[in-house]
Amino acid sequence: MTDRAGIISGERREIGRPTIHCVGGGILRQDMILLGLRSGWKSLAPNTWDIFGGHVEDGESWEDTLIRELREDLDITATLYEYITAFDEVDPERNGPRRYHIFRVDSWIGLGPRLCGDEHVDMRWMTLDDALTVDLAAAEYPALFADIMA
């Protein structure tokens, strides 16, 4: 379980394989969430719709990672955000042990959102109903989106 301050208790680890921490931002506008279509070359969940984010780098807090990744991916700076939850990788044998930390992002500044780099090939604002009809990157997303978009 992870509390809002980011303290992890009961974290699962495999011997010799440290847990990789990732951060994602559910970017909201009115009754829609911004999703990106992951590039086909991505090793995890290629060609699926995902929230924007990435790996926590050494010395970074989860908030620092959120800010950096949204700048890199979308050319925006999150200004109003809240830590929502965390979940573990469903297939650690294949993808390694990972823990995904999810934020709700309600406000930002910058030129975007616009796609930067090659990690995503498309992005779309989707209602919850729309998001439930596409191939999502994580099985946890339908319930998560329903919660943060309520």
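This is a short chat about the predicted model of one protein chain.

Me: What should I know about the model before I look at it?
Reply: The model is predicted, so local features need pLDDT of at least 70 and side-chain atom pairs count only at pLDDT 80 or more, while totals for chains, interfaces and linings use all residues. Residues are numbered from 1 along each chain as its sequence is written, and side-chain values use heavy atoms, with hydrogens and water left out.

Me: How many helices and strands does the protein chain have?
Reply: The protein chain has four helices and seven strands, where helices (H or I, at least four residues) and strands (E, at least two) are DSSP runs numbered from the N terminus. From the N terminus on, the order is β-β-β-β-α-β-α-β-β-α-α.

Me: And what share of the residues is buried?
Reply: Buried residues make up 44% of the 150 residues in the protein chain, with buried meaning under 20% relative accessible area, exposed over 50%, and partly exposed in between (1.4 Å probe, protein chains only).

Me: Which residues have the most contacts inside the largest nonpolar core?
Reply: They are Ile33, Leu35, Ile51, Tyr141, Leu144, Phe145 and Ile148, in a core of 21 residues. A nonpolar core is a set of buried Ala, Val, Leu, Ile, Met, Phe, Trp, Tyr and Cys residues joined through side-chain atoms within 4.5 Å.

Me: Which element gives the largest share of this core?
Reply: Helix 4 does, with four residues.

Me: Where do the buried residues of helix 4 lie?
Reply: Tyr141, Leu144, Phe145 and Ile148 are the buried residues in helix 4. Seen down the helix axis, they fall within an arc of 95 degrees, so they line one face of the helix; the arc is that of the directions from the helix axis to the C-beta atoms. The face turned away from this buried side carries the exposed residues Ala143 and Asp147.

Me: What does Leu144 touch?
Reply: Not counting residues up to four places away in sequence, Leu144 touches Ile84, Thr85 and Ile102, where a contact means heavy atoms within 4.5 Å.

Me: Switching to helix 1, what do its buried residues pack against?
Reply: The buried residues of helix 1, among them Trp62, Leu66 and Leu70, pack against several strands, including strand 1 (20-29), strand 5 (76-88) and strand 6 (98-110).
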